[in-house]
Amino acid sequence: MQNKKQYFVVIDERDNVATAVRDAVKGEVIETNLRQQITLLEDIPKGHKVAIRDIAANEPIIKYGEVICLAKRNIRKGEHVHIHNITNILTEYVEAWKSNEI
Amino acid sequence: MKFNGYIRENGKVGIRNYVLVMSSVGCANNVTERIAAETGTHPITHQQGCLQLGIDQALTKKMLIGAANNPNVGAVLIVGLGCETIQPSLIAAEVRGKPVEYITIQECGGTSKTVQKGVEIVRDLQRKIAGQKREPVDISHLIIGLKCGGSDTFSGLTANPVLGYVSDRIVDLGGTVILSETPGLFGGDKYLRDRIVTEEGKRKFDEILKFYWDESARLGETLTEGEMSPGNIKGGLTTLIEKSLGGIKKGGSRPIMGGLDFSGEITGKGLWIMDPPGFDIITISGQAAGGAQLILFTTGRGSPVGCSIAPVIKVCSNTKTFEWMEEDMDINAGKIIDEGLSIGEVGEELLMKIIDVANGEPTKSEISGHREFALGRIGSTL
């Protein structure tokens, strides 16, 4: 499996994260299915996300072309994006949804 | 596009011709299982049928009647105790267009006599439907339920978009597709709401979401915590919105015709949202009780789940799990990553598999003997 080419997946062109399809290690240069090459600044476990652009604090994390959460701090291209460096916007969103719709 | 199915008296089409042996109450489960085992038929057992109140009792009754009316079921034997709230005769009276029989343990004189009587009845039912033949029908007769379970991040990258592709194809061919897992819609719900074509449908959608929001609060959870499992986070999913979007991909991109009650009869064409809980077996049971003949089920970490009244086609999101649990998996969407296939290429493979399964080819869950069914519940049992 290690010898076989596997592309990290970017679902939408607006996305600023790619998803790892195998365990990848710090320093490795990976390629996405949209043919971007990224040098990993950290280990990225299989299934986890890597920033494919620099993302500023409070900027949206975008996957599927949609905002899935906000960056808690500056995240550099090549860094792991997961629960440790994001702010979950769900609670605020649902509160807004409840007050507007119900 | 056509397949060969069993045309029922009401015009609906079965892709299987099961004899169903079903408990009307949990007290009959052992007898039901023994009758089914001895005759090689499909059982439905459950924990309810007595001392449920109001809407909860109504839901149990609706699901059992719906299961018996599923077009994949050619004949039904209902096994009761005798003194339960949901009497077998009440269920039998609502089963249309197929042979239906019922017995009770109290009337038959205990366990062994009921098993013996039940086996005799089932063998008679099997003879009655043995002559029914498959006939060519249009693919638009298919009602397909969508579900994901044991998901990983790859589910949203590969398997769910493949289901989305097939959903669009089935809808375009005139068929019916049911997207479910309402709590799993939280976060991505606004993207779906915009696609609902009627105001009534939008209102129904809002009602469904509000019910689950209130219900989760009543049970001391927020859906933020309740629907993200440690397995999700370990697998790389970061937020509920992300997970939700990955799930919503199963429903493709076509307009949404409206919202359906959990296990309510499915009569319309096109893409619909059904209101069930997120738990896999209850969801697919509700879809099947509503009339779905086939379930498409995506999984990443692996699930063996099947259904007692509908074949389940398992679409695996990654090659590793596909190979590790091959006896439970039908389609490998991991090829998108490993072989560089497009979503559409694997989608066409799945569409061909759907035709084969509709024609009678057993799915992996059928070969392994998976016959799960679970009732939804609303209130306490007294």
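Of the 129 residues in the largest nonpolar core, which touch the most other members? The legends below concern a predicted model, and the first view answers this question.

**View 1. The largest nonpolar core of the predicted model.** The residues that touch the most other members of this core are B:A67, B:A68 and B:V315. Helix α6 of chain B, residues 153–172, gives the most to the core, contributing nine residues. Both domain 1 (18–129) and domain 2 (138–367) of chain B are represented, each with at least three residues in the core.

**View 2. The surroundings of B:A67.** When neighbours within four places in sequence are left aside, B:A67 is in contact with B:L20, B:M22, B:I44, B:A288, B:A289, B:I309 and B:F373.

**View 3. Domain 1 of chain B against domain 2 of chain B.** The domain assignment divides chain B into domain 1, residues 18–129, and domain 2, residues 138–367. Their C-alpha centres are 29 Å apart. Across the boundary, 13 residues of domain 1 are in contact with twelve residues of domain 2. On the side of domain 1 that touches domain 2, at least two residues come from each of β3 (18–23), β4 (42–44) and α2 (54–69) of chain B. Helix α2(B) provides the largest share of this side, namely four residues. By residue class, this side of domain 1 consists of eight nonpolar residues, four polar residues and one charged residue.

**View 4. Chain B against chain A.** Here 19 residues of chain B are in contact with 25 residues of chain A. The side of chain B that touches chain A receives at least two residues from each of α6, α8 (199–218), α11 (240–248) and α14 (335–338) of chain B. Of these residues, four belong to α11(B), which is the largest share. The side of chain B in this view contains seven nonpolar, seven polar and five charged residues.

**View 5. A positive phi at A:N58.** Although A:N58 is not a glycine, its phi is positive, at about 70°. The residue lies in the loop between β4 (49–51) and β5 (60–63) of chain A. A:N58 counts as exposed because it has 11 C-beta neighbours inside 10 Å, and the limit for an exposed residue is 12 or fewer.

**View 6. A positive phi at B:S263.** B:S263, a residue other than glycine, has a positive phi near 65°. Its place is the loop between β10 (256–260) and β11 (270–274) of chain B. Is B:S263 buried or exposed? With 28 other C-beta atoms within 10 Å, B:S263 is buried, since 20 or more are required.

Notes: Residues are numbered from 1 along each chain as its sequence is written. Chains are lettered from A and ligands numbered from 1 in the order in which they are written. This is a predicted model: local features need pLDDT of at least 70, side-chain atom pairs count only at pLDDT 80 or more; totals for chains, interfaces and linings use all residues. Domain bounds come from an automatic or database domain assignment. Two residues are in contact if their C-beta atoms, placed from the backbone, lie within 7 Å. Ala, Val, Leu, Ile, Met, Phe, Trp, Tyr, Cys and Pro count as nonpolar, Asp, Glu, Lys and Arg as charged, and the others, Gly among them, as polar. A nonpolar core is a set of buried Ala, Val, Leu, Ile, Met, Phe, Trp, Tyr and Cys residues joined through C-beta atoms within 7 Å.
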